[in-house]
Amino acid sequence: DKFMSDVGGAFAAAATLILNLESGLAEIVALSLQVSLIAVAIACIIGLPVGAALAVFRFPGRKVLVVVLNALMGLPPVVVGLIVYLVLSRSGPLGTLGLLFTPTAMIIAQVLLITPIVAALTRQSTEDLWNEYSEHLTSIGSSPIQIVVTLLWDNRFSLITTVLAGFGRASAEVGAVMIVGGNIDHVTRVMTTSIALETSKGDLALALGLGIILLVLALSVNAAAFLIGEAAMKRHG
């Protein structure tokens, strides 16, 4: 059967590319990891304290902010890509920086996508902890910053799972990075955009090779999140 023969040949070629660490494939994977890891790091620097602060502090408009934050978790990537594109384009407010169609623009788009996820998940898990520890932390005279830091540290196992969820979201993103990155060879081509391009060109070997790596990455992240969750349950159990 021709179909099975073609697919089998594509899988064999994909396996060869992966095992030989073909330079083009390795370059795409390396850029993907670089963009996603930097974006996740920035999103965590912003999202973790914001989420913890929303869990601890009570102020006018807090509930509205929580609702907005939860809504932003489902923000369509193409909309984020369009917004970043308009801001960074030549006629946009930051057009003079020349960031459009660079890895930096892709990182900015991913940060906007991941930060609400990190912040919202952090708020949910930290709020439960705050309800448990609020009287104790208040009674010993902890400052607001000390309370936030203490809760984040005690909640670190759950937060690692949150960070991994953000990384999984970033590594699988295609819409926003395609718009702001342009999928330029050797410059902004990452795994997801390459899979879309190579599939449309009919180069199934490279598309499958990248797809296998992306799938293994996703499985590894989910396995790590599961194991960390199990460790946290045993620790508290």
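Okay, let's start at Ala 232, which lies in helix 10 (residues 204-236). Helices here are DSSP runs of H or I with at least four residues, strands are E runs of at least two, and both are numbered from the N terminus. Ala 232 is buried, at a relative accessible area of 11%. By buried I mean under 20% relative accessible area, exposed is over 50%, and partly exposed is in between, with a 1.4 Å probe and protein chains only.

Before I go on, some housekeeping. This is a predicted model, so local features need pLDDT of at least 70 and side-chain atom pairs count only at pLDDT 80 or more, while totals for chains, interfaces and linings use all residues. Residues are numbered from 1 along each chain as its sequence is written, and side-chain values use heavy atoms, with hydrogens and water left out.

Now the overall picture. Along its principal axes, the C-alpha trace spans about 70 × 50 × 25 Å. Of the 237 residues in the chain, 41% are buried.

Let's zoom in on helix 7, residues 156-171. Those 16 residues reach 22 Å from first C-alpha to last, close to the 22 Å expected at 1.5 Å a residue; the expected span is 1.5 Å times one less than the number of residues. Which residues of helix 7 are buried? That would be Leu 159, Thr 162, Leu 164, Gly 166, Phe 167, Ala 170 and Ser 171. Keep in mind that an α-helix has 3.6 residues a turn, so residues three or four places apart point the same way. And at Arg 156, the charged end sits over the ring of Trp 153, 4.1 Å from its centre. The cut-offs for that are NZ of Lys or CZ of Arg within 6 Å of the ring centre and within 35 degrees of the ring normal.

On to charges. How many salt bridges does the structure hold? Six, counting a side-chain nitrogen of Lys or Arg within 4 Å of a carboxyl oxygen of Asp or Glu. One of them joins the side chains of Arg 58 and Glu 127, at 3.7 Å, N to O. Arg 58 is in the loop between helix 2 (23-56) and helix 3 (62-72) and Glu 127 is in helix 5 (residues 103-139), so this pair ties together parts 69 residues apart in sequence. Glu 127 counts as buried, at 16% relative accessibility. There's a network here too: salt bridges link Arg 58, Arg 62, Arg 123 and Glu 127.

Two others are worth a look. Arg 169 bridges to Glu 173, with the closest N and O atoms 3.5 Å apart; Arg 169 is partly exposed at 25%, whereas Glu 173 is buried at 4%. Then Asp 185 pairs with Arg 189 at 3.6 Å between the closest N and O atoms. There, Asp 185 is partly exposed at 40% and Arg 189 is buried at 14%.

Last stop, the surface. Leu 86, in helix 4 (residues 77-88), is partly exposed at 48%. Together with Leu 82, Tyr 85, Phe 101, Ile 184 and Val 187, Leu 86 forms a nonpolar patch with about 480 Å² of accessible area. Patch residues have over 30% relative accessible area and no salt bridge; like charges are joined within 9 Å, and nonpolar side chains (Val, Leu, Ile, Met, Phe, Trp, Tyr) within 5 Å. Areas are Shrake-Rupley with a 1.4 Å probe, and for residues only the protein chains shown count as cover.
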